[in-house]
Amino acid sequence: MAEKILIVDDEESLADFVARALRQHGYKTICAYDGDSALNMIGEELPDLVILDLMLPMMDGWEVCRRSKADLATRNIPIIMLTARSSSEDVVQGLDLGADDYIRKPFPLEELLARVRVMLRRTHGDGDGKVLIDGDLTLDVSVREARLRGTSVELSPTEFDILEILTRRMGHTVSREELLKKIWGMGGGDTRTVDVHISRLRKKIDDGATPMLVAHTLRGRGYRLAWEEYPGCMEN
């Protein structure tokens with residue numbers, strides 16, 4: 001069955017152009033041109049992916065993202081943000097609210113299509129069917145489920161991918177560039193995207209018990225996942 005993608009942009013000509021391009025690649029599309037309509041359609045249509053502009057009438061993209069991620073029924077729907085702003089703070093704000101990726105306007109259509117393919121592939125879990133177990137952490141790759149000390153950890157598709165990569169390299173450093181390439185399909189890019197997702201992941205795997213599963217940030221090098229009885233100071 002073709003995946004359904006919601007395109008949200010108040011520039012109707014741009015939204016319709018993107019929708020036509022996606023349909024030509026086999027996707028189903030629906031469009032919304034303001035924030036209120038977008039939020040309603042997310043809840044009613046339950047799309048497989050949302051392409052969300054930040055600057056919208058009625059309700060801005062940040063609020064649409066925040067509300068959809070706060071709703072249990074829609075929180076796992078991945079969101080790719082579109083922004084015409086150059087400020088990285090806008091991007092960080094969106095990622096902090098739970099968006100999975102972003103792309104700046106104007107954008108090459110092929111880049112957007114590539115991001116869509118990567119996001120849907122990750123969300124629908126082309127996993128190898130293996131269960132990874134490391135100490136009190138269990139990752140079921142086939143169903144993309146994480147459990148820490150027997151308790152389910154609610155992760156976004158991006159957070160699960162990061163945790164899987166770090167778990168496979170437990171105790172070893174993984175560079176930001178490697179994560180960008182493996183998860184976002186980019187050889188380079190804004191490494192702050194990775195930083196924000198790591199920060200969210202770090203909070204979710206902190207259950208207050210020991211040994212603690214710690215996601216260290218190693219400045220200038222990358223990240224390392226490790227079990228620690230008495231975790232020291234971590235860079236954020």
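A polar contact is a pair of N or O atoms within 3.5 Å; within protein, one must be able to donate a hydrogen and the other to accept it, and residues adjacent in sequence count only if both atoms are side-chain atoms. In this predicted model, local features need pLDDT of at least 70 and side-chain atom pairs count only at pLDDT 80 or more, while totals for chains, interfaces and linings use all residues. Residues are numbered from 1 along each chain as its sequence is written, and side-chain values use heavy atoms, with hydrogens and water left out.

The side chain of Arg202 reaches the backbone oxygen of Ala215 at 2.6 Å. Arg202 is buried (under 20% relative accessible area, with exposed over 50% and partly exposed in between; 1.4 Å probe, protein chains only). Arg202 has no salt bridge, and the nearest side chain of opposite charge, Asp195, is 7.9 Å away.

A salt bridge is a side-chain nitrogen of Lys or Arg within 4 Å of a carboxyl oxygen of Asp or Glu. By this rule the count comes to 18 salt bridges, including those below.

| Pair | N to O distance |
|---|---|
| Lys105 and Glu11 | 3.4 Å |
| Asp53 and Lys105 | 3.4 Å |
| Arg149 and Asp136 | 3.3 Å |

Asp9, Glu11, Asp53 and Lys105 are linked in a network of salt bridges. Arg149 is partly exposed at 26%, and Asp136 is partly exposed at 34%.

Notes. Lys and Arg count as positive and Asp and Glu as negative; His and the chain ends are not counted.
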